Amino acid sequence: MSQKPKPSHGLAACPGCAEPLDSGDRFCGACGYDLSAVPAAGIGPDRPTVAIGTPVNWPDAPPREPGSLSTMTQHPGDLPGTDSGGHDLPADGTAPAPAATGDFELAAPDPRAAVRVDDPVPAPGAAPAPVSAQGQAQQAPAPVSAQGQAQQAPAPGSAPAPAPGAAHGDGLCVACRAGRVDTDGYCENCGHAQPRERDHMERELGGVAAVSDRGLRHHRNEDAFAVSATTLPDGSPATLAVVCDGVSSATRPDEASAAAAEAAGAALCAALPRGTHPQQAMHEAIVAASEAVNSLAEKAADGEPHRNAPACTIVGSVVADGLLVVGWIGDSRAYWVPDDRTAPAARLTEDDSWAAQMVAAGLMNEAEAYADERAHAITGWLGADAYELDPHTVAFKPDRSGVVVVCTDGLWNYAEGPEDMARVVPADAADRPLHGARVLVGHALDGGGHDNITVALVPFAVPPQGAGSA
């Protein structure tokens with residue numbers, strides 16, 4: 001549904017009875033709920049980097065100019081250490097005992113009143129030139145917006161994407177394997193309609209991989225992703241993944257997700273080789289993605305963007321020089337799954353959603369909130385009619401190797417808790433990320449495939465003791 005005006009109390013509906021609220025309401029007109037009693041909960045500024053062990057020698061973040069959307073970042077050595085589960089390290093530096101839960105202690109989301117509804121489903125060297133990949137191109141590393149399975153990614157400004165069927169490499173019909181596919185997407189020989197280029201997309205590049213699938217219930221795939229590998233100024237590697245989920249109730253959600261993924265991937269690939277701190281680079285990549293989505297909005301007669309402008313969520317991860325950075329807006333998620341499955345897994349993001357808002361306010365537990373039909377109403381998104389741009393970023397320095405799962409709700413609805421996600425991630429996912437991503441998409445399809453499904457796997461390796469640089 002389209003965006004609602006932002007009430008001063010920060011809620012679109014009464015927490016007690018779900019009655020719609022107006023901007024100046026102090027009490028619910030239906031049940032009398034005292035709106036001033038709702039606890040203020042907010043993620044606020046980006047959570048600063050937490051460090052373990054030797055600080056990473058990143059350059060100081062440049063000062064923020066007045067009115068700038070760039071966020072300040074802190075040198076990781078300025079903060080106390082934690083383990084990969086977000087818990088304080090003992091004074092002697094020994095590894096702490098596993099915690100009872102694998103969740104990082106993230107701040108609760110800011111309860112913004114504006115709400116959009118994505119499709120609700122049942123809860124159970126140098127920076128390479130930006131390239132919009134139309135699928136599984138096997139060329140040099142580049143930020144790639146997954147938009148199909150063509151065998152070659154066109155350079156910026158090149159011809160439009162190939163017609164359906166041409167995405168399968170040789171342009172032959174996938175049914176009869178004899179006829180050519182016409183520009184209308186049908187076989188000239190047998191008349192069989194060809195799969196659209198975005199129905200299923202795969203990409204593996206520089207040790208990071210992603211898979212996206214239309215699912216079993218949707219008529220098109222409105223997800224997109226970007227994966228890439230680049231290098232830092234000192235020559236060390238950096239890998240990144242961005243996953244975007246188009247808001248189905250908005251116009252042209254598939255275009256929004258594709259534009260956001262491409263813009264964010266390109267921004268990260270340009271910033272990291274320049275020495276930009278990864279957390280700042282992530283923040284500015286989300287800003288770039290927002291601007292790309294905003295540019296898709298049509299203008300109304302009064303010059304304002306239409307309320308139902310193209311919109312999407314975004315989540316991204318960067319692994320660089322011992323740091324794990326995550327950034328997001330919306331309800332797409334990132335999970336941490338250690339290679340040693342006796343250690344706790346963790347969810348690294350907190351949803352911008354109605355359900356998360358209810359849990360943060362102490363009005364429902366997670367099981368109750370996510371069972372509600374309003375659970376997937378999102379309170380944060382990229383789009384011209386979003387109330388405000390509030391990117392969330394967080395950085396960690398895990399003390400063990402593992403893999404970051406970056407995904408849309410088409411996957412996490414079938415593996416919601418960190419322990420659930422850890423159970424379905426293959427044990428060799430860090431060594432075979434494309435295989436692991438395929439397994440996860442298959443898990444969601446086996447569970448019903450109610451939504452588009454997109455997942456990227458970003459391995460994180462901790463060097464063996466004694467293997468550090470001098």
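**Exercise 1. Describe how helix 1 and helix 2 cross, and say which kinds of residue make their contact.**

Solution. In this predicted model, the crossing of helix 1 and helix 2 is right-handed. The two elements, helix 1 with residues 253-271 and helix 2 with residues 278-294, pack at an angle of about 145 degrees, and their axes are 8 Å apart. On the side of helix 1 the contact is made by A256, A259, A260, A263, A264, A267, L268 and A271, while helix 2 contributes A281, M282, A285, A288, A289, A292 and V293. Sorted by class, this contact of helix 1 with helix 2 holds 15 nonpolar residues, with no polar and no charged ones.

**Exercise 2. Decide how many disulfides the model contains, and examine C173.**

Solution. The rule to apply is that a disulfide is a pair of cysteine sulfur atoms within 2.5 Å, and by this rule the count comes to zero. For C173 the nearest cysteine sulfur is that of C190, 3.7 Å away, and C173 is in no disulfide. As for accessibility, buried means under 20% relative accessible area, so C173, at 0%, counts as buried, and C187, with a relative accessible area of 6%, is buried by that cut-off.

**Exercise 3. Work out the strand order of the open sheet of six strands, and name its edge strands.**

Solution. The order is 2-3-14-13-8-9, and the pairing is antiparallel. Strand 2 (200-205) and strand 9 (346-347) are the edge strands, since each pairs on one side only. Within the sheet, strand 13 (residues 402-407) and strand 14 (residues 453-460) run antiparallel and are joined by six bridges; C407 stands opposite V455 in strand 14.

Conventions:
Residues are numbered from 1 along each chain as its sequence is written. This is a predicted model: local features need pLDDT of at least 70, side-chain atom pairs count only at pLDDT 80 or more; totals for chains, interfaces and linings use all residues. Side-chain values use heavy atoms; hydrogens and water are left out. Buried means under 20% relative accessible area, exposed over 50%, partly exposed in between (1.4 Å probe, protein chains only). Axes are lines fitted to C-alpha atoms, for helices over the stretch in contact, and angles run from 0 to 180 degrees between N-to-C directions. Helices (H or I, at least four residues) and strands (E, at least two) are DSSP runs, numbered from the N terminus. A crossing is left-handed if the near helix is turned anticlockwise from the far one by less than a right angle, and right-handed if clockwise. Contact means heavy atoms within 4.5 Å. Ala, Val, Leu, Ile, Met, Phe, Trp, Tyr, Cys and Pro count as nonpolar, Asp, Glu, Lys and Arg as charged, and the others, Gly among them, as polar. Two strands pair if DSSP finds at least two bridges between them.
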